Amino acid sequence: MSETKGIGKIIFTSSLGTLIEWYDFYIFGMLAKTISIQFFPEGNETTALLSTLAIFAAGFLVRPFGALVFGRLGDLMGRKSTFLLTLVLMGGSTFLIGLIPSYASIGIFAPLLVLLLRLIQGLALGGEYGGAATYVAEYAPANRRGYFTSWIQTTATLGLFVSLGVIMLVKSNMSDAAFNAEWGGWRYPFWMSIVLVGVSIYIRLKMAESPLFSQLKKEGKTSTNPLKESFGKRSNFKMVLLALFGAVMGQGVIWYTGQFYAQSFLENTAKLDFMQSREILLWGIALGTPFFLVFGALSDKIGRKWIMILGMLLGAICYRPIFSTFLKDTNIEQMTSDIHKTGSPFYVVSSTVVKADTISSANSIATTTKTCWMLPNNIQVVENRTDTLTNYKMGLSAVLKKDSKPIFNGKILPNDLKWKFVFLVWCMIIFVTMAYGPIAAFLVELFPTKIRYTSMSLPYHIGNGVFGGLVPFIATLLSVSFTNDPLVGLWYPIGIALLSAIIGMLFLNNKIDTNVND
Amino acid sequence: MGLVLMIAAPVIFYFLINGAIKNISATGTKDINKPIPWVVIISIFTPISVGLGIFGYYAFKGEYDQLPKSSEEI
């Protein structure tokens with residue numbers, strides 16, 4: 001295809017649907033805490049089991065399965081109708097999750113329905129990306145395929161951006177109680193999905209089938225058994241394995257670490273304030289996203305291979321210094337110890353007694369206090385401590401036992417430090433854009449038209465869903481096994497990215513395939 | 001490299017099984033202490049590690065030395 005006329009509309013319609021699918025998939029994860037309170041109450045073994053299944057099965061098992069199911073359909077029926085179907089399934093199940101009454105109202109049916117709909121979401125996501133990437137690539141001219149398909153690559157990141165933004169917007173306009181109520185604000189992002197999906201379906205219905213697929217169909221050259229041809233035929237299966245281990249596996253961990261692990265680390269390990277940790281991520285994403293297009297376009301000039309490999313290598317080299325800076329700059333325990341040594345004053349912003357309970361015996365009282373401190377370096381932090389006063393009724397000298405391990409959280413960074421963190425997150429997003437920007441064009445060029453949808457979808461979803469999605473699980477596993485190093489969890493993405501980069505360096509070809517009509 | 005990957009495949013599988021045995025615990029509260037995630041992960045990683053072994057075998061045999069120049073060669 002040498003015509004670029006109308007490609008903007010094709011990119012817009014394909015990307016919009018894919019963005020909405022990502023939005024739908026993310027809001028479930030981002031509202032996991034509220035969802036678990038509403039549908040998977042603690043202390044119930046069955047709901048705990050269903051909750052774990054909803055988290056693990058949807059991401060790891062169902063996504064690759066969806067890639068096979070819809071990839072096959074896309075190679076048999078066509079790209080357009082298949083990714084229209086995935087959009088309906090995704091949007092419909094997201095909307096329905098927002099309508100399910102809580103566990104308190106309908107009991108075990110609530111978590112069962114949520115699990116079922118979450119599995120449908122995973123299935124639909126598995127089928128969407130391959131269709132959108134293939135569709136755009138088959139319209140794009142050879143010399144700009146990297147650039148045009150990189151628009152599809154922005155959708156996963158923009159979907160995260162939109163979902164974070166919508167949740168923050170809803171949350172900032174109501175109290176926590178109103179947001180977390182059974183029919184409260186947490187449901188709004190789910191309901192909003194039906195509007196977005198409706199618009200996207202309307203636009204997608206007007207699209208024509210991919211010209212390459214239409215031509216194949218006209219000539220009667222479509223595959224009769226895409227699964228067998230993709231994975232049963234040695235010459236193609238070899239390329240599926242190469243795509244997985246030499247590119248998508250490394251790209252998946254770089255993507256997940258930069259976009260998700262970073263945010264979770266800032267909130268749970270560095271103990272930043274909920275809103276500020278998200279604000280930092282939003283800035284990083286907003287400033288980094290245009291680089292998907294930059295690296296997509298650059299890959300049209302210098303090839304896909306080295307850009308992707310450089311992104312993986314930079315991630316592997318820089319992750320430990322970056323995360324170490326996050327820890328060092330927010331290490332309040334160290335700061336308070338230094339301040340005690342130098343005698344610098346603290347400044348108390350506010351102090352609230354959360355509760356004062358009489359414990360164990362009548363002459364002891366435990367007081368839990370939340371104190372908001374402003375440290376000399378302008379970091380605001382909440383100190384949660386429980387001090388115990390004994391002998392206070394006995395007429396003896398009262399003894400105050402101070403909490404030796406107060407918990408510091410809700411840290412709010414001053415502007416200079418906040419922007420430093422934004423810059424570090426932005427760097428990680430840049431690694432993502434390098435590894436991820438050119439990958440759709442790379443995958444499309446690797447496989448023949450008649451089995452392209454099937455062949456590229458499976459490695460993509462194993463790389464992103466399984467290798468990427470396992471980052472938090474393996475990070476926890478490593479941190480439990482090696483307790484001395486708080487950054488030990490990073491060895492998993494570093495190791496996988498390095499392995500993938502080495503395999504890519506040795507076996508991938510940097511040549512751009514100008515003919516994807518075959 | 002091919003040989004390394006062929007060896008890596010069963011090693012990964014061994015570490016997964018070993019990790020599951022060591023970490024699954026009735027008293028633990030983290031995901032790594034629950035059996036379901038391990039069942040899901042082992043069931044999805046078994047074919048992946050077999051795939052890694054096959055990839056290593058192909059690489060060892062030099063089948064990636066000359067990649068196809070067009071889809072017709074696939």
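How many residues does the largest nonpolar core have, and which of them have the most contacts inside it? In this predicted model, the largest nonpolar core has 163 residues, and V136(A), V425(A) and L443(A) are those with the most contacts inside it. The largest share of this core, 18 residues, is supplied by helix α12 of chain A, which covers residues 234-269.

**Core of chain A**
- V425(A), one of the residues with the most contacts inside the largest nonpolar core, touches A262(A), I280(A), L281(A) and G284(A) when residues up to four places away in sequence are left out of the count.

**Domains of chain A**
- The domain assignment divides chain A into domain 1, made of residues 7-330 together with 414-507, and domain 2, made of residues 332-412.
- Between the C-alpha centres of domain 1 of chain A and domain 2 of chain A the distance is 42 Å.
- Where these domains meet, six residues of domain 1 of chain A are in contact with eight residues of domain 2 of chain A, and the domain 1 side of that contact has two nonpolar, two polar and two charged residues.

**Contact between chain A and chain B**
- Chain B places 26 residues in contact with 27 residues of chain A.
- On the side of chain B that touches chain A, the elements giving two or more residues are α1 (2-23) and α2 (35-60) of chain B, and the largest share, 12 residues, comes from α2(B).
- Sorted by class, this side of chain B has 16 nonpolar, five polar and five charged residues.

**Helix α2 of chain B**
- The 26 residues of α2(B) reach 36 Å from the first C-alpha to the last, which is close to the 38 Å expected at 1.5 Å a residue.
- At F45(B), shortly before the proline P47(B), α2(B) has a kink of about 30 degrees.
- F45(B) is itself buried, and the buried residues of α2(B) also include P37(B), W38(B), I41(B), L52(B), F55(B) and Y58(B).
- After α2(B) comes G62(B), which has a positive phi, near 80 degrees.

**Individual residues of chain A**
- K271(A) has a positive phi of about 60 degrees although it is not a glycine; for context, most residues other than glycine have a negative phi.
- K271(A) is placed in the loop between α12 and α13 (274-288) of chain A, and it counts as partly exposed because it has 18 C-beta neighbours inside 10 Å, whereas a buried residue would need 20 or more.
- K206(A), in the loop between α9 (188-205) and α10 (211-218) of chain A, counts as exposed because it has 8 C-beta neighbours inside 10 Å, and the cut-off for that class is 12 or fewer.
- K206(A) and D403(A) are separated by 197 residues in sequence and by 65 Å in space, C-alpha to C-alpha.
- S36(A) lies in helix α2 of chain A, residues 32-39, and is partly exposed because 19 other C-beta atoms lie within 10 Å.
- S36(A) and S102(A), although 66 residues apart in sequence, are 9.9 Å apart in space, C-alpha to C-alpha.

Technical notes:
Residues are numbered from 1 along each chain as its sequence is written. Chains are lettered from A and ligands numbered from 1 in the order in which they are written. This is a predicted model: local features need pLDDT of at least 70, side-chain atom pairs count only at pLDDT 80 or more; totals for chains, interfaces and linings use all residues. Domain bounds come from an automatic or database domain assignment. Two residues are in contact if their C-beta atoms, placed from the backbone, lie within 7 Å. Ala, Val, Leu, Ile, Met, Phe, Trp, Tyr, Cys and Pro count as nonpolar, Asp, Glu, Lys and Arg as charged, and the others, Gly among them, as polar. Helices (H or I, at least four residues) and strands (E, at least two) are DSSP runs, numbered from the N terminus. A nonpolar core is a set of buried Ala, Val, Leu, Ile, Met, Phe, Trp, Tyr and Cys residues joined through C-beta atoms within 7 Å. The expected span of a helix is 1.5 Å times one less than its number of residues. The bend at a residue is the angle between axes fitted to the seven residues ending there and the seven starting there.
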